[in-house]
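Please read the points below with the sequence and the model open beside you. They are arranged so that each can be checked in turn.

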Amino acid sequence: MKWTQKETMLLQDMMNSEQICIEKYADYAERACDEELKTLFEDIKTTEEEHYATLEQMQSGTIPQMNAGGSKAQPENASDSKAKKPAASEEDEYLCRDALDTEKHVSSLYDTCIFEFVSAQARDVLNHIQKEEQEHGKRIYDYMAAHGMTA
Ligand SMILES: [Fe+2]
Ligand SMILES: [Fe+2]
């Protein structure tokens, strides 16, 4: 696969953003007070690493095959559908707000980039990644709602 100059530039932009996500989630997993939040951040970090690897593979000229099932679905509030958790620390709330904002920005970056790619297969891959960014946002939002962080 030969990329246009614009596609090459955008792949680099997306990789830079994914790199920031990886570093951010590693840092936030360290900083979070609540164990559940630490696990959530570590989990999201793993997906961001997969995103980076996928883009790297594209950059080198191969478009990865997307498995039909897509990303694994997250259980809907598996354990904590009703009971409100105790209020979290201010630090945890700050980390959540910032992470949610980052996911919004990254998702909109993919939104913009997808339009610039000629190959339908490349678009599918970027679409798949964008969907996972939206899932990250949802998981962070759900955590915040369960811990009384949403206004
Ligand atoms: Fe990502
Ligand atoms: Fe993400």
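The numbered points that follow treat the fold, the metal sites and the helix packing.

1. **Basis of the note.** This is a predicted model, in which local features need pLDDT of at least 70 and side-chain atom pairs count only at pLDDT 80 or more, while totals for chains, interfaces and linings use all residues. Residues are numbered from 1 along each chain as its sequence is written, chains are lettered from A and ligands numbered from 1 in the order in which they are written, and side-chain values use heavy atoms, with hydrogens and water left out.

2. **Overall fold.** The protein has four helices and zero strands, and its pattern along the sequence is α-α-α-α. Helices (H or I, at least four residues) and strands (E, at least two) are DSSP runs, numbered from the N terminus. Of the 151 residues, 40% count as buried; buried means under 20% relative accessible area, exposed over 50%, and partly exposed in between, with a 1.4 Å probe and protein chains only. A contact requires heavy atoms within 4.5 Å. Among contacts between residues at least 6 apart in sequence, 82% join residues at least 24 apart.

3. Distant parts of the chain are linked here, with Glu18 in helix H1 and His51 in helix H2 (residues 35–59), 33 residues apart. Glu18 counts as buried because its relative accessibility is 0%. His51 has a relative accessible area of 2% and is therefore buried.

4. **The iron ion (ligand 2).** Glu133 and His136 both belong to helix H4, where three residues, about one turn of the helix, separate them. Both Glu133 and His136 are buried.

5. **The two ions together.** How far apart are the iron ion (ligand 1) and the iron ion (ligand 2)? The separation is 3.9 Å, and Glu48 coordinates both.

6. **Helices H1 and H2.** Two packed helices are described by the angle between their axes and the distance between the axes. Axes are lines fitted to C-alpha atoms, for helices over the stretch in contact, and angles run from 0 to 180 degrees between N-to-C directions. The axes of H1 and H2 come within 8 Å and cross at roughly 160°. H1 is therefore roughly antiparallel to H2. Angles under 35 degrees count as roughly parallel, over 145 as roughly antiparallel, 65 to 115 as roughly perpendicular and the rest as oblique. The contact of H1 with H2 has 14 nonpolar, four polar and eight charged residues. Here Ala, Val, Leu, Ile, Met, Phe, Trp, Tyr, Cys and Pro count as nonpolar, Asp, Glu, Lys and Arg as charged, and the others, Gly among them, as polar.

7. **Helices H3 and H4.** Helix H3 (residues 90–114) packs on helix H4 (residues 120–146) at an angle of about 160°, and their axes are 9 Å apart. H3 and H4 are therefore roughly antiparallel. The residues in contact include Glu103 of H3 and Glu133 and His136 of H4. By class, this contact of H3 with H4 has 11 nonpolar, six polar and six charged residues.

8. **Helices H2 and H4.** The axes of H2 and H4 cross at roughly 170° and come within 11 Å. This pair, too, is therefore roughly antiparallel. Among the residues making the contact are Glu48 and His51 of H2 and Glu133 and His136 of H4. By class, the contact of H2 with H4 has 11 nonpolar, four polar and six charged residues.

9. **Glu7.** Leaving aside neighbours within four places in sequence, Glu7 is in contact with Lys2, Glu116, Phe117 and Val118. Glu7 and Glu116 are 109 residues apart in sequence and 6.8 Å apart in space, C-alpha to C-alpha.

How values were computed: Donors are N, O and S atoms within 2.8 Å of the metal (3.2 Å for Na, K and Ca); water is not among the atoms, so sites may look incomplete.
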